[in-house]
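Entries are in the order I made them.

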Amino acid sequence: MSRDSQYRFDVLVVGGGPAGIAAAVRAAECGVRVGIVDDNATLGGQIWRAGSAEGDKKEAAGWRRRLRPAGVTTVCGKRIFHQSEPGVLLAEGADDLIELSYRSLVLATGARERFLPFPGWTLPNVMGAGGLQAMVKSGLPIRNQRVVVAGTGPLLLAVAAYLRSHGAEIPVICEQASWSSLARFGAALISRPEKIVQALQLKKDLAGVRLVANCWPLAAHGQESLDSVTLSRDGKPESIQCDYLACGFHLVPNIELPILLGCQIRGGYVEVDDFQETTAQGIFCAGEPTSIGGVDLSLIEGQIAGLAATGSTGEARKLFRARRKARRFATILERTFGLRRELKSLPSPETVVCRCEDVPHSRLQRHTSWRAAKLQTRCGMGPCQGRVCGPATQFLFQWNPASVRPPVFPVRVESLAGFPDVMEPEHTVGTGGTA
Amino acid sequence: MPSQVTLTVNGSTVEVPAGATVAVAVAMAGQACRISTSGEPRGPLCGMGICFECRATINGNAHCRSCQILCEPGMEVETDE
């Protein structure tokens, strides 16, 4: 199939969240041709999606304002699915196919929520915590709806505060981490004044809302839709009625495209050097794919990557110190919100683990690897390509969903026609660690 | 720009705020987005184009991720029923 449009850039940035915007701005301000491509309708990524918190808005607006004067070309609503030749990526839109070529590439593909299966988690109105927030930001009315927020990670508090400010009733926030790890998390924030300000604001926004540690969902109940949730609270079941369950277990990086492009993965993240360059020459990576560190780290890494991609290494170096400091926060996050073992026993034998193919837990248990399970049960073979069940089975069974093949997202047949190389063998993750 | 957009979900008219995604319109119409391979109703999970639970037929195009597509006046959305 012919390409509807062709774009040529010196630096192409994939992903329009904070890391991608920062990379694009800094690169373009060096005077080169820069493009930024994102699969959503507008830039901002998840955290700067329209309608986010006031503070974020100001910071986001500051960065966005620099895009146009710097001459950045924005390409939204297009999802990259294939590399047709080195330096050329193909992306599909709602009804077109485009080609993007580059000299240097910055991957700022962000993160997604980790979902864990439990009985009832497939009911409509059981969503990710970030998932429900995204829906509300996209117009879903939430006023007077009762929302239980559960799972793990700082996102839970931010989501609860956001939903409440839009009129939702939040009967409880359930955090699976223990009080002692939350206390250590709090203590570690003392070295980060800006985080304390955020925390105090959250505390104000969430005044009167019950936050419970050592607590997680055991089951969601309802016929066609959700009626109630059973929680495990200090080891005892507690039932609570609600209209929505917003449940996510922290974040996992989106590393499928980096893997497809041959970037080495180490410990589950994209391996980068001091200048955010991956092991694939000329391909840089910034933000959550290199470690889950939040918006501050993403902005710094994005800038370093954008500058380094244009050869401005001196400017990039000036940000190394700030990055070291921000990375400490990433380490604290990982320590605080690690998953407790009890969550592995949440699924019952009938609980669907792979939602695309409706593969229950009982059928997966007997397999010893992700690959064997895929071949024999179709787990991970549906349209999400294991993006949901992969991280879940990694936690439940210690499987490594370690290969990616093009197209990296499902596409229309006509987008594939003429690209026999899309059918080439799997790209396997490099052996740089426990990918 | 008008503040509301009118479209149809499974033939019924739905009015949504301008800027709303199709997934929101489906939810406001009280519909599930799809029926799973074993017959369960499903709605959006991730809200960001990853999970594919929100896919629906939009203006005749099947398998669209409704959480990433904005509503347009007169759009025709079909879900599995």
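**Entry 1: a loop residue in chain B**

I began with Asn59(B), which is partly exposed, with 15 other C-beta atoms within 10 Å. The cut-offs I used: buried means 20 or more other C-beta atoms within 10 Å of the residue's own, exposed means 12 or fewer, and partly exposed is in between, with C-beta atoms placed from the backbone. Before going on, I noted that this is a predicted model, that local features need pLDDT of at least 70 and side-chain atom pairs pLDDT 80 or more, while totals for chains, interfaces and linings use all residues. Residues are numbered from 1 along each chain as its sequence is written, and chains are lettered from A and ligands numbered from 1 in the order in which they are written.

Asn59(B) sits in the loop between β5 (55-58) and β6 (61-65) of chain B. Helices (H or I, at least four residues) and strands (E, at least two) are DSSP runs, numbered from the N terminus. Leaving out residues up to four places away in sequence, I found Asn59(B) touching Met75(B) and Glu76(B). Contact here means C-beta atoms, placed from the backbone, within 7 Å. I also checked Glu78(B): its C-alpha atom is 8.2 Å from that of Asn59(B), and the two are 19 residues apart along the chain.

**Entry 2: chain B as a whole**

I counted one helix and seven strands in chain B. Read from the N terminus, the order is β-β-α-β-β-β-β-β. The radius of gyration of chain B is 12 Å, close to the 12 Å from the globule rule for 81 residues, so chain B is as compact as a globular protein of that length. That radius is taken over C-alpha atoms, and the rule is 2.2 Å times the number of residues to the power 0.38. The C-alpha trace of chain B spans about 40 × 25 × 20 Å along its principal axes. Of its 81 residues, 52% are buried.

**Entry 3: where B meets A**

How many residues of chain B are in contact with chain A? I got 29 residues of chain B, in contact with 30 residues of chain A. On the chain B side, β2 (12-17), α1 (22-28) and β4 (41-42) each supply at least two residues. α1(B) gives the most, with three residues. By class, this side of chain B has 17 nonpolar, nine polar and three charged residues. In that count Ala, Val, Leu, Ile, Met, Phe, Trp, Tyr, Cys and Pro are nonpolar, Asp, Glu, Lys and Arg are charged, and the others, Gly among them, are polar.

**Entry 4: chain A, overall**

Chain A has 15 helices and 23 strands. Its average pLDDT is 91, and 93% of the residues score at least 70; pLDDT is the predictor's confidence in each residue, from 0 to 100. I marked residues 430-435 of chain A, where the pLDDT is below 50; this stretch has 15 contacts in the model beyond near neighbours in sequence. Of the 435 residues of chain A, 50% are buried.

The domain assignment gives chain A domain 1 (5-112 + 252-335), domain 2 (115-249) and domain 3 (339-400). Such bounds come from an automatic or database assignment. The centres of domain 1 and domain 3 of chain A, over C-alpha atoms, are 30 Å apart.

**Entry 5: the core**

A nonpolar core is a set of buried Ala, Val, Leu, Ile, Met, Phe, Trp, Tyr and Cys residues joined through C-beta atoms within 7 Å. The largest has 88 residues, and Val147(A), Val149(A), Val159(A), Leu245(A), Ala246(A) and Ala25(B) touch the most other members. Helix α5 (residues 155-165) of chain A gives the most to this core, with nine residues. Domain 2 and domain 3 of chain A both give residues to this core, so it lies between them. I then looked at α5(A) itself: nine of its 11 residues are buried, so the helix is largely enclosed by the rest of the structure.

Gln276(A) has a positive phi of about 65° although it is not a glycine. With 30 C-beta neighbours inside 10 Å, Gln276(A) counts as buried. Asp358(A), also not a glycine, has a positive phi near 50°, but Asp358(A) is partly exposed, with 19 other C-beta atoms within 10 Å.

How values were computed. Contact = placed C-beta atoms within 7 Å.
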